[in-house]
Structures are given as C-alpha cells and as structure tokens.
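Subject: Structure for you to look at

Dear colleague,

I am passing on a structure that I would like you to open beside this email.

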Amino acid sequence: DLHLSIRRQRQMCIRDRNNTIVKTLRILRKNSRVSVSKVNPFFSVEHFSLYSKYINNRHHSDNMDPSSIAQYRDFLVDGKQGTCFYEYREDGVLLAVSVTDSLNDGVSAIYNFYEPTLSSRALGIFMILSLITETSKHNKRFLYIGYWIRECRKMSYKNQFKPLEKLVNQRWFREEEWLLVRHAFLPSMCI
C-alpha cells in the first residue's frame, strides 16, 4: 500500500533527522575551538603538505596519487575569479582547507582536504557545516557540495545533507519527490 509506505518513510525521516541533529551537535562540540578564516587562494608549503598528506592517505590508489605541486596548483590554486580558501585552525595549527567558488545563487565546495589522522573529529562534515553558515552569511541560497556516486564509499558523507537531489533521465528530483515518483520509471533503471 502506497500510503503505508509513505507513512513508514516519514517515520524513518523523523528518526533520521533526530539522529542527524545529535551527530551534528557532537561534531560541532568536538571542533568548537577551531577558527575559520576566509583567504584568497595562494600557494603555501603548509597547505600543500596537508593536501599531500590527505591525498596519500585517502586516495593512495587513485589517479590523484602521488600529489605534485604542479597538480595541486593547477587543480586548486590557479582557479578562476571568485575562488577562495577557508582555513580551519586550532591553536594556530592548520587542520583543514576548503576550496570554494562563489556563484550567483550559492557557494560551490570545490574540494576539501584535512588532517587525516583526526578522523574521529569528522572534519569533512564540520567543514560542510561551516560552509553552510558562510553561505547563509553571504545571503546565498545554496551550498553545492558536488555530485554523489552512491557506490563510492568516499562520497557517502554527502548523503547526510538534505535536500539531496538526483539526476534521472536529465531531470532533477529532490529525494522526497523521487521516492514518490520512482515507480513511474522502469524498475531496471539505474538510479
């Protein structure tokens, strides 16, 4: 029954929302001493060292490894106008960097990298939470955190942020809308 299914999905959403609030508060508490500074993009050995450590730890088998200064500069530093860095520091120590582009309607999170040995602090999620705050401060409507590939474990954190949209047959659906209309698409369709 479709109505029963919708009711169950709503109950699951409420439970998920409560769990998300608790997780968010925990992450904010763990990182309460972190200061965030917006800076123009520039090359620094400090940034590049953290980037290299992150890449070597998180992407050691991908085509991003090994990192080089030329690759780093081309990918993140020598960007277009409107690009900025957000530095995340605690007691003066660089913990993370967020590279963003400013758009008319929002902020696009191009790439985040952080100290991989501090995984218990969920710095990646903390960075997204702080970018949500920054986006709101600048009266922008959207924070774009990039595409999500369900099968890619490294991208699974993106599923925690709502609203989530899916591109199906060249049309965007909010996750809640997709749950209601997916039966209209072929069951064999890859989503």
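This is a predicted model: local features need pLDDT of at least 70, side-chain atom pairs count only at pLDDT 80 or more; totals for chains, interfaces and linings use all residues.

The side chain of Arg33 meets that of Glu90 in a salt bridge, with 3.8 Å from N to O. Because Glu90 belongs to strand β2 (residues 83-90) while Arg33 sits in the loop between α1 (2-30) and β1 (35-39), this pair ties together parts that are 57 residues apart in sequence. Arg33 also forms a salt bridge with Asp91, and here the closest N and O atoms are 2.6 Å apart. Asp91 lies in the loop between β2 and β3 (93-102), so its pairing with Arg33 ties together parts that are 58 residues apart in sequence.

Elsewhere, the side chains of Glu115 and Lys53 meet in a salt bridge of 2.9 Å, N to O. This pair links distant parts of the chain, since Glu115 is in the loop between β4 and α4 and Lys53 is in helix α2 (residues 45-58), 62 residues apart. Glu115 is buried at 11% relative accessibility, while Lys53 is partly exposed at 40%. Returning to the arginine described above, salt bridges that share partners join Arg33, Glu90, Asp91 and Arg121 into one network.

Arg121 itself is found in the loop between β4 (106-114) and α4 (123-137), and it is buried, with a relative accessible area of 13%. Leaving aside residues up to four places away in sequence, Arg121 touches Ile27, Lys30, Asn31, Val34, Glu90 and Leu95.

Last comes α4, which has 15 residues and reaches 21 Å from its first C-alpha to its last, close to the 21 Å expected at 1.5 Å a residue. Because 11 of those 15 residues are buried, α4 is largely enclosed by the rest of the structure; the buried residues include Leu123, Phe126, Met127 and Glu134. After α4 comes Asn139, whose phi is positive, near 55 degrees.

With best wishes

Technical notes. Residues are numbered from 1 along each chain as its sequence is written. Side-chain values use heavy atoms; hydrogens and water are left out. Helices (H or I, at least four residues) and strands (E, at least two) are DSSP runs, numbered from the N terminus. Buried means under 20% relative accessible area, exposed over 50%, partly exposed in between (1.4 Å probe, protein chains only). Contact means heavy atoms within 4.5 Å. The expected span of a helix is 1.5 Å times one less than its number of residues. A salt bridge is a side-chain nitrogen of Lys or Arg within 4 Å of a carboxyl oxygen of Asp or Glu.
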